Amino acid sequence: MPEDASLKAWLIRESGPLAGARHSVREPVTKIGRSAGNDVVISEAAVVSARHLEICKDGDGYRICDLNSTNGTYLNGVRVTEAVLEPPCRIRLGPDGPELTFLLDRSLEANPN
């Protein structure tokens, strides 16, 4: 079994009133947006769409998919509709919206908070 198969992925809130909060990415699909039905709810920013983006497990890695959000999804400063996540990386909801960092367990061990 590959070592990466047991790693857990995390989203760390980098801005807003919940800065520093960690959200586990455990499911094959993790939904992020403003509405309460999402796995990660970001309700404090108007630029966040009700269903903004998804993070999907893709083999041994993860992909990000914008869900036709009004203000777009940015990966490391570049607007994307779909992309591979290479941790550590920054995800921003809208051009000036809330920011999350995507990490794997080994990244958290190398950069403890």
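I'm working from a predicted model, where local features need pLDDT of at least 70, side-chain atom pairs count only at pLDDT 80 or more, and totals for chains, interfaces and linings use all residues. Residues are numbered from 1 along each chain as its sequence is written, and side-chain values use heavy atoms, with hydrogens and water left out.

**Sheets.** I took strands as DSSP runs (E, at least two residues), numbered from the N terminus, and called two strands paired if DSSP finds at least two bridges between them. I looked up E3 (residues 29-33) against E4: they pair in the parallel sense over two bridges, and Ile32 has Val40 as its bridge partner.

The other open sheet I looked up is antiparallel, with six strands ordered E2-E1-E11-E10-E7-E8. E2 (22-25) and E8 (78-80) each have a single partner strand, so one side of each lacks a neighbour in the sheet.

**Salt bridges.** My cut-off was a side-chain nitrogen of Lys or Arg within 4 Å of a carboxyl oxygen of Asp or Glu; that gives four. Arg63 and Glu82 meet at 2.9 Å, N to O. That pair links E6 (residues 61-66) to E9, 19 residues apart.

Glu99 bridges to Arg90 at 2.6 Å and to Arg92 at 2.9 Å. Shared partners join Arg90, Arg92 and Glu99 into one network. I checked burial too (buried is under 20% relative accessible area, exposed over 50%, partly exposed in between; 1.4 Å probe, protein chains only). Glu99 is buried at 16%, while Arg90 is partly exposed at 37%.

Definitions and conventions. Helices (H or I, at least four residues) and strands (E, at least two) are DSSP runs, numbered from the N terminus.
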